[in-house]
Each structure stands twice: as structure tokens, then as C-alpha cells.
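Thank you all for coming.

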Amino acid sequence: MSDSYFKPEDLKKFGDITEFQEEYGNKFFQWYTTVFKEGALSTREKALIALAVAHTEQCPYCIDAYSSACLNNGADEEQMMEAVHVAAAIKSGATLVNSVQMMNHVKKKLM
Amino acid sequence: MGIKQKVKSLTARNNQLADTFYQLEVISNKKIDEIDIPDFSDRIKQAGYQHGIKPAGMDILQINIGKLCNQACAHCHVDAGPDKKEENMNRETLERCLEILKNNSFKTVDITGGAPELNPNFRWFVEECRMIDIEIIVRCNLTIILANKRFLDLPDFYARNHVHIVSSLPYFTKRRTDSQRGDGVFEDSILALQKLNAVGYGKANTGLVLDLVYNPSGAFLPGSQCELEEQFKQQLDKRYGIEFNNLYAITNLPISRFLDYLIETGNYADYMTELSNVFNPATLKGLMCRNTISVSWDGYLYDCDFNQMLDLKSDIESAHIGNFDPQDIMKRKIVLNQHCYGCTAGAGSSCGGEIA
């Protein structure tokens, strides 16, 4: 067994998940490939969204993969950091907006 | 104003990679063994090119008129720089190039370097080319226009001679540009572009064409040329009021200083593997080596500028401009090696950008 989690070389083995469930795995990769093709959004925009989500998911594989994908699709450092700030802002906002619930509860209890 | 060289040339550093035999050993997997990618020649056979790649025409004569440059960029495949004072084309060789341009079917002369403007015969050569019915491309690094008072009139000179300008600008930000080309390059490039715009380059209905070249400032491949062009046009206009015609997205080939960068930063294996993983057979039809002849400062003939820098001469009996024989040239087989993966990756790459 491995003595550590998240080894960078494991990212290259992502495709091997079909070994234990071929049909589902193949369907997933087919859908995944389609999702990242140019559509109403450009491949650069999709890579930036993926990078932002990778951060909120705190997935090191995804962060490596979509940092590269952003560069390969012509995004720059500023755009990438802004995307991460957007993700961080939503994550923080989602925490803070819950404080309304806290305030409601507190106000109900207090004189 | 004023720029600072990013690096010293491989020659000045006595780097082993200054030796082309050593470079070829590295890219042929003999020196760095952790990568396992197929031979490029086998790859093209599998793609249906059993007998190698043959020329399709003789459209572009690309002349590298010298390695002298006011910049020393981190990725330069020519290993050009201010120290390259000897490797510059002389008048006699340029005269021979003119003869060849006059007597053959070339549609374009593509003048590159180094900074071609630093060759003392440059202006004479451009004016002579102008007298032939041929498109003249000059690969101008932009900062040369501001490097010395004697170059300030270059925009007018180019306009007067209807030169098609192709200039590198790795990105529309200072950080990306200077990290590849040297501190101060971005500011000077912007000023130079504004001067070119001022004489009509990149503007509608002037016929003066100004194209930009994007190549990645690091170990990654270029994105979609079309999308990059859109971003560059928007950003350069919004930030600096600059206009240009087309953007070419060019892949950095794993040779010379870029190869050194890849090895030094531990990116070599991943970069080569990525080039191989995204090999696209559809690019083979449009490879620039099929319609271009590349001439070195000392008059030797090559299938492309990259082969020139690896000293892989064209596969003909006498690969020298002194013995130029169009029939031999059209019968030759293109010389290939592992660096060719750079031109066949993804949408492909050439001196004119994407090819598939």
C-alpha cells in the first residue's frame, strides 16, 4: 500500500478507473471529453471554470491538470488568479450568508 | 527604455547544448532516458507516409541573415544574441540569394535572424527584393526600432518597401513578455508597435501588414490561435490602442535555448511526452518544410530554420546556395528528427502559425 496520498504520477492513471467498472468509466470519460470541447463557452473559459472549481474542491490532481489546461488554452496568470478569487469569494460568501441564520436565531433569543 | 538580456547565449556559457551533435543526442533519447516516445519517422509511417515527407513546392525562401541580436531571449532556437558578431551573412551570399529569388518560382522571401536589421546589408537587400515581384517578410523583434537612433526610421523604411512585418509578442502583459525576452522588452515592444501603427501598419486599407507571433512563455503548448488572436486584439487595443492584422500561435520546439530551459527546469520529459501525446497526422500535409527552403548565414540549405539550428542540412548532393538546383530540391526527402513533434502537435505549428 502507498504510504502517502495524492502522488502526482497517479493523475496519469485516471483513465484506469475503467478497470473496475468499464461501462460507467467509459461513459464518464466520453461525457467529460464532450464537456470540455469548445461550445457556447470557449475552451479557455471552461479551463478557468474548472480551475476555480478545482480549488473549492481542493483536489490537487485537478489543480495540476487545470493549471496546465489554462496555460495550454491561452489563459494568463492574472486570469487564473482572478478565477480562483471568484471561487474563494463564493466559498466565503456561502459561509458568511449563513450568518443571517445565526443573526435570526440570536435576535429571536435576545431581548 | 533600454532592455536587459534575459540570458547569455549557450555558446557564451560554454553550454554543452551549443554543440548540435549533443543536442541531437539529447532529443534522440540517448542522453535523457526517462522518456519513452516513438521515433518521429515511425510515427509518420504509421500515419501513412511510408516514404517520408516530400516537398510540395518551392514557395518561401527563408533567409537567416545572421545571429546577431540586441536581445537574448530565454527560448531562442537560434541561440542569437549580442555576442554573435561573426555568424552574419555577407554581401556575396545575399547577392546569390537575390539571383535565386529572381530565377525561381518563390512567392515570398522571409528574412529572419537574430535581428535582421543588424546586418549591414539588410536595407540594401530589402530594396533589391522590392524590385522583384515577391512578398517580403521581415521578422522584426520590435525593440530594435528603439535600440539606436539609426533604427528609428525603420517603420518608414518598411512602409516604403511594403514589407510584411512579423513580430514576436509572447503576451499582452509585461510579466509574460519580459520573462521570455528580457526586462524592458515589453515597454519597448509596445512603443515600437505604436510607431508601426502610426505609419499605417496593422490599419485597415493601408496594405501594410503587421502580424504578431504568440509563443508560450514556458513549458506548455499554445492555445487556440483564433481565441488568442481575439484576446490579443481586445487587450492591445484596450490597453495601448494598438492594432495588428493576424496572430500566429507557434509552438516552442525542443532545441537550443528552449531545450536548455526544459532540461534545467525539469520540464523536458513532460514536454516531449505532451508533444507526442497530441501528435496530429492532419498537420503533416501543411508542414512548412514542404514549401520552404531555409538558408543559413553561410549559405547552406536546410528544410527549415529549426533543422538549420541543429545543422541538419537538406538531403541533396550539395546543400549550398552556390549549387542551388531546383530539381534536386524538389526530389529531396525532408530530414526529420524528434524535434519535428513540435510542428505536428495539436493544431500544428509553422512560421505562419497553426497548420491544421
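Predicted model: local features only at pLDDT ≥ 70, side-chain atom pairs only at ≥ 80, totals over all residues.

Let me begin where the two chains meet: 12 residues of chain B are in contact with 11 residues of chain A, where contact means that the C-beta atoms of two residues, placed from the backbone, lie within 7 Å. Residues are numbered from 1 along each chain as its sequence is written, and chains are lettered from A and ligands numbered from 1 in the order in which they are written.

On the side of chain B that touches chain A, the elements that give two or more residues are helix 6 and helix 8 (225–240) of chain B; helices (H or I, at least four residues) and strands (E, at least two) are DSSP runs, numbered from the N terminus. Helix 8 of chain B gives the most to that side, with 3 residues. By class, the residues of chain B that touch chain A divide into 4 nonpolar, 5 polar and 3 charged, where Ala, Val, Leu, Ile, Met, Phe, Trp, Tyr, Cys and Pro count as nonpolar, Asp, Glu, Lys and Arg as charged, and the others, Gly among them, as polar.

Now to the sheet. Chain B has an open sheet of 8 strands in the order 6-5-4-3-2-1-7-8, with mixed pairing, and two strands are said to pair if DSSP finds at least two bridges between them. The edge strands, each of which pairs on one side only, are strand 6 (247–249) and strand 8 (301–302) of chain B.

How many residues of strand 1 (residues 60–64) of chain B are buried? The count is 5 of the 5, so strand 1 of chain B is largely enclosed by the rest of the structure; a residue is buried if 20 or more other C-beta atoms lie within 10 Å of its own, exposed if 12 or fewer, and partly exposed in between. From this strand, B:Ile60, B:Gln62 and B:Asn64 point one way, and B:Leu61 and B:Ile63 the other way. Strand 1 of chain B runs parallel to strand 2 (residues 108–112) of chain B, joined by 5 bridges, and B:Ile63 stands opposite B:Ile111 in strand 2 of chain B.

Strand 2 of chain B is in turn joined by 4 bridges to strand 3 of chain B, again in parallel, with B:Asp110 opposite B:Ile137. Strand 3 (residues 135–139) of chain B is mostly covered, with 4 of its 5 residues buried. Leaving aside neighbours within four places in sequence, B:Val138 is in contact with B:Ile111, B:Pro116, B:Tyr158, B:Val163 and B:Ile165. Further along, strand 4 (residues 164–168) and strand 5 (residues 210–214) of chain B pair in the parallel sense over 4 bridges, and B:Ser168 stands opposite B:Val213.

The C-alpha atoms of B:Ser41 and B:Ser318, 277 residues apart along the chain, are separated by 24 Å.
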